[in-house]
Amino acid sequence: MSLDNKPIYTGGCQCGAVRFRVEGRVDDTSICHCRMCQKAFGNFYAPLASVRGAHFQWTRGEPKRYQSSNHVKRGFCAECGTPLTYEAPDGLALAIGAFDHPEELAPVLQWGLEGKLPYVDDLGALPGYTSDGDPESAEFLKTMISYQHPDHDTDQWPLAGDGETSK
């Protein structure tokens, strides 16, 4: 919370080249099933949170933008490709997964149901495992070194020792 009791949210892309801060209410958390959002996110749907009415700022870098229609631009990190924004005449929405704490932003409605993939509602019924639940993956996971930006703001980017992001 800020000094005036407004919630504060931060987030950014996978590599850390683009970071943002939102002060105030985040509304209309949703998922959109339309084909355009599926392609923009490379996923079953696009989870988005409107920051219309909140104080929003880019705190490191800015996304590159693609004009996906005559009304909408999509923002993404030019370094790592993370989808970040849906920018329409009625305001800005941010990808829920780009927030540092996406668990705080549960979707409350769905859009574009005409494009909903037929198996989406059944995903929760699939067998599920934790990352370390597969013994065959143990060595792979044990030796993995993540170059992903941490889920909090940092003073510098890239972080020292970040392999590929240390260009």
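Two strands count as paired if DSSP finds at least two bridges between them, and a strand itself is a DSSP run (E) of at least two residues, numbered from the N terminus. With that in hand, let's look around.

What you have open is a predicted model, where local features need pLDDT of at least 70, side-chain atom pairs count only at pLDDT 80 or more, and totals for chains, interfaces and linings use all residues. Residues are numbered from 1 along each chain as its sequence is written, and side-chain values use heavy atoms, with hydrogens and water left out.

Now zoom in on strand 2 (residues 19-23) beside strand 5: 5 bridges join them, in the antiparallel sense. Which residue in strand 5 is the bridge partner of Glu23? Pick His55 and you've found the partner.

**Stop two: the aromatic rings**

Stay put and show the side chains of Tyr9, Phe20, Phe56, Trp58 and Phe99, which form one aromatic cluster. Rings of Phe, Tyr and Trp (its six-membered ring) pair if their centres lie within 6.5 Å; planes under 30 degrees apart are stacked, over 60 edge-to-face, and the rest tilted. The count by this rule is 6 aromatic pairs.

Click Phe20 and Phe56: the ring centres are 6.1 Å apart and the planes are at 35°, so this pair is tilted. Phe20 belongs to strand 2 and Phe56 to strand 5, so the pair ties together parts 36 residues apart in sequence.

Are Phe20 and Trp58 buried or exposed? Buried means under 20% relative accessible area, exposed over 50%, and partly exposed in between (1.4 Å probe, protein chains only). Phe20 is buried at 0%, and Trp58 is buried at 18%.

Finally, select strands 6-7-8-9-4-3-10, given here in their order across an open sheet with mixed pairing. Strand 6 (64-67) and strand 10 (109-111) are at the edges. The twist averages 30° from one strand to the next. In the antiparallel pair of strand 3 (residues 27-32) and strand 4 (residues 46-50), joined by 4 bridges, look for Ser30 and its bridge partner in strand 4, Leu48.

Technical notes: Axes are lines fitted to C-alpha atoms, for helices over the stretch in contact, and angles run from 0 to 180 degrees between N-to-C directions.
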